[in-house]
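Biologist: I'm new to this one, so please take me through it step by step, starting with how its parts pack together.

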Amino acid sequence: MSKSSTERKAVEVSIEHVSKSFGTQEVIHDVSFQVCAGETFVIMGPSGAGKSVLLKSIIGLIQPTQGKIFIDHLNASVPETHREVVTSMVFQAGALFNSLSVFDNLALYPREHLLYDKDTLEDKVMTVLKALSLEQAVNKFPSELSGGMRKRVSIARSLMMEPQLLLYDEPTSELDPIMAATISELIATLNEEFNVTSIVVSHDRELAMSIGQRVALMVDGRIQALDIPSKLATMDDPVVQNFLHPVIDVQNPRFRKQDF
Ligand SMILES: Nc1ncnc2c1ncn2[C@@H]1O[C@H](COP(=O)(O)OP(=O)(O)O)[C@@H](O)[C@H]1O
Ligand SMILES: [Mg+2]
């Protein structure tokens with residue numbers, strides 16, 4: 001049985017020597033780190049680094065080939081753990097139900113789990129929508145919303161579960177810089193307001209360095225560096241500096257106009 005919301009608390013996550021292979025390709029190599037209860041922890045890194053695979057391993061969608069992941073000392077690979085601890089993931093594509101209104105998208109999980117009576121459910125949906133400035137969108141359908149609003153609705157839907165652990169996969173991808181900044185602020189604010197542990201996966205350096213209480217840089221399936229943003233920014237590691245400050249060389253022949 002999962003605990004009632006008043007008993008719930010943020011959880012800690014411990015990743016211990018995790019490796020993951022698909023066939024003969026090892027995409028995560030011996031990764032270990034801990035995320036503290038209530039922390040906003042960011043895993044940043046280039047595309048293909050293994051960030052999503054690691055996130056899916058935490059939620060139990062992917063089983064590590066080696067090593068273990070614990071959520072408050074419970075094994076993340078075991079389905080019972082995800083009945084005991086309320087974990088919610090905001091997927092990259094949002095994964096909203098297009099045939100359902102914003103209200104019904106948010107109400108789906110609580111209705112399926114018979115969590116609240118009708119009035120309480122309405123109150124909860126409106127409270128969450130208000131926290132995300134989405135009250136006006138309550139009766140709209142996903143196709144009628146902008147990219148930023150859809151992203152906020154998928155975060156709102158995750159919050160309806162009153163999660164103890166909230167995972168975000170590329171929450172600012174496909175958003176313009178202003179909306180990306182708004183979503184980043186929102187993630188940081190919600191972490192405090194809803195007393196949740198947040199793990200955010202992103203290739204967005206600005207998001208990582210602004211909202212991460214600690215940030216891990218993942219490159220080629222390994223944790224290249226892990227520290228608080230100010231320490232990471234001054235780290236004397238060329239891989240870290242290269243990721244944080246990529247050099248664009250317009251003289252590079254790759255970028256020259258081709259003769260046809
Ligand atoms: N289900 C899968 N089967 C085979 N290979 C996969 C699968 N999921 C991810 N990969 C591979 O694992 C590597 C890491 O992917 P991913 O975690 O999605 O990277 P990213 O850091 O961009 O999120 C990539 O090479 C990808 O092709
Ligand atoms: Mg990914």
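Biologist: At what angle do the axes of α5 and α6 cross?

Modeller: The axes of α5 and α6 come within 10 Å of each other and cross at roughly 15°, where axes are lines fitted to C-alpha atoms, for helices over the stretch in contact, and angles run from 0 to 180 degrees between N-to-C directions. α5 and α6 are therefore roughly parallel to each other, since angles under 35 degrees count as roughly parallel, over 145 as roughly antiparallel, 65 to 115 as roughly perpendicular and the rest as oblique. Keep in mind that this is a predicted model, in which local features need pLDDT of at least 70 and side-chain atom pairs count only at pLDDT 80 or more, while totals for chains, interfaces and linings use all residues. Residues are numbered from 1 along each chain as its sequence is written, and chains are lettered from A and ligands numbered from 1 in the order in which they are written.

Biologist: Which residues of α5 and α6 meet?

Modeller: On the α5 side they are G148, K151, I155 and L159, and these meet M179, T182, I183, L186 and L190 in α6; contact here requires C-beta atoms, placed from the backbone, within 7 Å. The helices are DSSP runs of H or I with at least four residues, strands are E runs of at least two, and both are numbered from the N terminus.

Biologist: What about α3 and α5, at what angle do they cross?

Modeller: The axes of α3 and α5 come within 8 Å and cross at roughly 30°, which makes α3 roughly parallel to α5. V102, N105 and L106 of α3 make the contact with V153, A156 and R157 of α5, and the crossing of α3 and α5 is right-handed.

Biologist: And how are α3 and α4 set to each other?

Modeller: α3 (residues 102-112) and α4 (residues 118-131) have axes that come within 10 Å and cross at roughly 125°, and α3 and α4 are therefore oblique to each other. The residues of α3 that meet α4 are F103, L106, A107 and P110, and their partners in α4 are L121, K124, V125 and V128.

Biologist: Switching to the whole chain, what domains are there?

Modeller: The domain assignment gives domain 1 (10-86 + 163-247) and domain 2 (95-162), with bounds that come from an automatic or database assignment. The side of domain 1 that touches domain 2 gets its biggest contribution, 6 residues, from helix α6 (residues 177-193). In total, 13 residues of domain 1 are in contact with 10 residues of domain 2, while the centres of the two domains, taken over C-alpha atoms, are separated by 25 Å.

Biologist: How many residues does the largest nonpolar core have?

Modeller: That core has 61 residues, and A156 and I199 have the most contacts inside it; a nonpolar core is a set of buried Ala, Val, Leu, Ile, Met, Phe, Trp, Tyr and Cys residues joined through C-beta atoms within 7 Å. Helix α5 (residues 147-159) supplies the largest share of this core, 5 residues. Domain 1 and domain 2 both give residues to this core, so it lies between them.

Biologist: What does A156 touch?

Modeller: Leaving out residues up to four places away in sequence, A156 touches L106, V128, L129, L132 and L134.

Biologist: Now a loop residue: where is H203, and what does it touch?

Modeller: H203 sits in the loop between β8 (197-202) and α7 (205-211), and beyond four places in sequence it touches M44, G45, P46 and S47. H203 and P46 are 157 residues apart along the chain, yet their C-alpha atoms are separated by 5.6 Å.

Biologist: Is E170 buried or exposed?

Modeller: E170 is buried, with 22 other C-beta atoms within 10 Å; the cut-offs are 20 or more for buried, 12 or fewer for exposed and in between for partly exposed, with C-beta atoms placed from the backbone. E170 lies in the loop between β7 (165-169) and α6, and its phi is near 50°, a positive value in a residue other than glycine.

Biologist: And what is the phi of D220?

Modeller: D220 has a positive phi of about 50° although it is not a glycine. D220 is placed in the loop between β9 (214-219) and β10 (222-227) and is partly exposed, with 14 other C-beta atoms within 10 Å.

Note on methods:
Contact = placed C-beta atoms within 7 Å. Left-handed = near helix turned anticlockwise from the far one by under 90°.
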